[in-house]
Amino acid sequence: MGERFLTLPFLVILRVVGYNIPSVDDKGLLHMAGQFAPETDILFRHRQDDVQAYMSPEAQQIAPHFHYQYELILTATGTASFYISGKTYHVFPGSILVMSNMENHHILSTSDGYERYIIRFSTEALAALIRDPVLLSIFKQRPHDFCHHYRCTQAELEHYIHMMRLIGKEYRHQPPYWDFQISAKIVDILVNMYRHTPDAFPGHKSHERQGIIFNIQNHIESHLAEDLTLDTLSTMFFMSKYYLSHSFKEITGFSFKQYVIMARMSKAKDMLIHTKESVQKIGDTVGFPNSSHFIRSFRRQEGISPLQYRSRSQRK
């Protein structure tokens, strides 16, 4: 079996025979087929229209758009401009954009009939579907020179569109093991991307600490309400505080503290837009049991209060 990239079914077999693969929820189990929820855990869209006006940078100042999910967008036809975390990308047929669950983005169509395929994953779904640290790095690592834009060859584009259509069929009908099939096709796309352009993956320069840092990132994102400090995480993952702090910054591009704050605020923004939970409940959920502290922290990060952010998001 010389292949290093493992699909989910094979990982489940490894779990059964006792191979130690840490899970995102620390309970020793990967999600099995049927346990992923469409929309919440895995979302697939095939769009063949212009970008809606509310996604423009100007509209985003008035009515923010945000979702706490990892995202991959393949452009099939047409052109558009994307603004992702302060960087601008002009996309065309064969462009793939990859975004983390904490990156703000705005879009402008620059042609009629902008056709694209969109896949989004929750933290839990991404961690279970893609286990290889190198493949994960395109979603989770953000060094200062990271480029969100991958350019396909014509042969790649044709293959990826075929994969997307198969994914769409699985997603629409959801037969048994539909999530396994989507997993296999996403890994197929990522492996082909890696073989053509390994530099697109920040983790291509193998690093022995990548796996454990990804586990720590998953733990943070899945346990936002808990005490997330260097002390607690270094003890949990059997690392010294200094080693964890240094490794985390080197591999993810963010300090440990920055990442925790970004994760909490990103989840809060998602809940403010997509739920009707109270500000106090949202603060509790993302690790701020004191609502005043949550409001102050949110205002410091976003420039407006949580309620103002929710109000703006409802203007679309």
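Colleague: Among contacts between residues at least 6 apart in sequence, what share joins residues at least 24 apart?
Modeller: Keep in mind that this is a predicted model. The chain is built from 13 helices and eight strands. Taking its contacts between residues at least 6 apart in sequence, the share that joins residues at least 24 apart is 74%.

Colleague: How much of the protein chain is buried?
Modeller: The accessible surface comes to about 14,900 Å², with 53% of that belonging to carbon and sulfur atoms. As for residues, there are 316 in the chain, and buried ones make up 52%.

Colleague: Is M193 buried or exposed?
Modeller: M193 lies in helix 6. Leaving aside neighbours within four places in sequence, M193 is in contact with I96, I138, Y150, E156, Y160, P198 and F201. Its relative accessible area is 0%, and since buried means under 20%, M193 counts as buried.

Colleague: How far apart in space are M193 and C152, C-alpha to C-alpha?
Modeller: Along the sequence, M193 and C152 are 41 residues apart. In space, going C-alpha to C-alpha, the distance between M193 and C152 is 8.1 Å.

Colleague: Which residues does I220 touch, not counting those up to four places away in sequence?
Modeller: Not counting residues up to four places away, its partners are L228, F248, F256, Y259, V260 and A263.

Colleague: What volume does the largest cavity have?
Modeller: The structure holds two cavities of 30 Å³ or more. For the largest cavity, the volume is about 70 Å³.

Colleague: How many residues of the largest cavity's lining are charged?
Modeller: The lining has 13 residues, and S100, M102, K140, F254 and Y259 lie nearest the centre. Helix 4 (133-140), helix 7 (210-222) and helix 10 (256-274) each supply at least two residues of that lining. By type, the lining residues divide into six nonpolar and three polar, while the number of charged ones is four.

How values were computed:
Residues numbered from 1 in each chain as written. Predicted model: local features only at pLDDT ≥ 70, side-chain atom pairs only at ≥ 80, totals over all residues. Heavy atoms only, no water. Contact = heavy atoms within 4.5 Å. 1 Å grid on protein atoms, 1.4 Å probe; cavity = no way out; pocket = protein on both sides within 12 Å on 5 of 7 lines; lining within 4 Å. Points joined across faces, edges and corners; volume = space filled by probe spheres on them. Helix = DSSP H or I, 4+ residues; strand = E, 2+ residues; numbered from the N terminus. Nonpolar A, V, L, I, M, F, W, Y, C, P; charged D, E, K, R; others polar. Buried < 20%, exposed > 50% of the residue type's maximum accessible area, 1.4 Å probe, protein only. Areas by Shrake-Rupley, 256 points an atom, 1.4 Å probe, with all protein chains shown as cover.
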